Amino acid sequence: MSLLKDFTKGLWKENPVLVLLLGTCPTLAVTSSATNGFGMGVATTGVLLGSNLVISLIAGIVPKKVRIPVYIVVIATFVTIIDLLMKAYAPPALYTALGIFIPLIVVNCIVLGRAEAFASKNGPVRSALDGLGMGLGFTLTLTMLGAAREFLSSGSVFEVKVITGWTTDFLLPSAAPGAFILVGLILAAKNYASYRKAVKEGRLYIPPKGLDCRHCNICTAHIDDESEK
Amino acid sequence: MKLKNTENFIVLGLFLAVIGLISGLLLAVFSGVVKEPIKAAELRNTNKALEQILPPFDNQPSQDKFEVDGITFMGAVRDGKLVALAASGAKKGYAGPVQALIGLETDGKIRAVLIAKQNETPGLGANVCERKFKKTIFNLFEKRPEGLAPNPFLDQFGGMSAQKDVTWKVKKDGGDIEYVTGATVTSRAITALTDEITQCFLANRGEIIAKLTPAGGK
């Protein structure tokens, strides 16, 4: 049961993009179309699976002082392998679209974050499942975000025009600012839903650490929180 | 474990070196394995592109080539006659070089422009580089036509020639070439590159044709 949880937590409960807020750079940069988001997600999943597996195996002998550089070397090795594989076998259009972003998976926070927070403390099976789940959650989110941006900017999904009369491109959603706006709206919706659910169940809603706004006093959300206690 | 809590910097350095060595060796072996498939994929892509912009040919244009001023000319030969040429050159776009492959008639008229390699922003600069058939939900399962997919920006060059009275600049700069909003820099680069290649061909036409015409043919 706990093995299943390791796998499924990445899909929604600890979704890397929407809850942990990691890997925002590829999330904003490559999701201009559903195909690109999907390709980036699959590549990252491959890297996550490999790096989590290897890091969980070597974690016992890696000196604490140099663990980060060692993890980065392991991750970089997998990224290079994925890069070469895509060069050889992926459709040329996908490789040209993603080419510049693939090497950047090395510095994707999700990969290093999972290595440090999960793989270095758990066994290979659980780590592999965690990597796979996190990767799938990342892929799903990126694909949906890409589809939404593609639809809003040109009325198509996966390069298939859904609204045939739509001829001019609306540039905002396909550019970086549009991605920020859309991700912000999705995050707000997700947090509102979690908040409502918590209130209904009579719990206190504690926002995920990455989203906690109590240290900021621009708005008064923190006061409401205090009074609920 | 002792190794885990060591603070001896020589051991730490050695550990890093060993990890680096292992991953380096692994990658060396792996890149050797995929070297051939990558080459094959690249050749397949160039041949596919050449077939799209040239009339039917029976030689191997990517091997019959001749270089002038950094521009590579490839000849398409059929029955011992030079029927058309493909020219390939690169220019700096918005994000790195944009490499174009241009099909030319033997008199310097442009057959078609194709962008072979680019790193432009997807959705913006890349729009003027990609040739793609438009898919809609209504023709999703229809058979797609063979050949060159349309791209309004690249298609306007078809039939143009440096001899004709065309100002080789985008309209924003006072020229005759339509450009695409959001992709002005890329449009400029492709326009200048096309101009450069046709000019280069006209300036060296005799020499290029002589070099690419197969021996014994006319």
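Trainee: How many residues of chain A are in contact with chain B, and what makes a pair count as a contact?

Mentor: In this predicted model, 35 residues of chain A are in contact with 33 residues of chain B, where contact means that the C-beta atoms of two residues, placed from the backbone, lie within 7 Å. Local features need pLDDT of at least 70 and side-chain atom pairs count only at pLDDT 80 or more, whereas totals for chains, interfaces and linings use all residues. Residues are numbered from 1 along each chain as its sequence is written, with chains lettered from A in the order in which they are written.

Trainee: Which element of chain A gives the most to the side that touches chain B?

Mentor: That is α4(A), with 12 residues; α4 (67-89), α5 (92-98) and β2 (160-161) of chain A each supply at least two, helices being DSSP runs of H or I with at least four residues and strands runs of E with at least two, numbered from the N terminus.

Trainee: Why are β2(A) and β6(B) called paired?

Mentor: Two strands pair if DSSP finds at least two bridges between them, and β2(A) and strand β6 (residues 135-136) of chain B have two bridges, in the parallel sense, so they meet the definition. Val160(A) has Lys135(B) as its bridge partner in β6(B).
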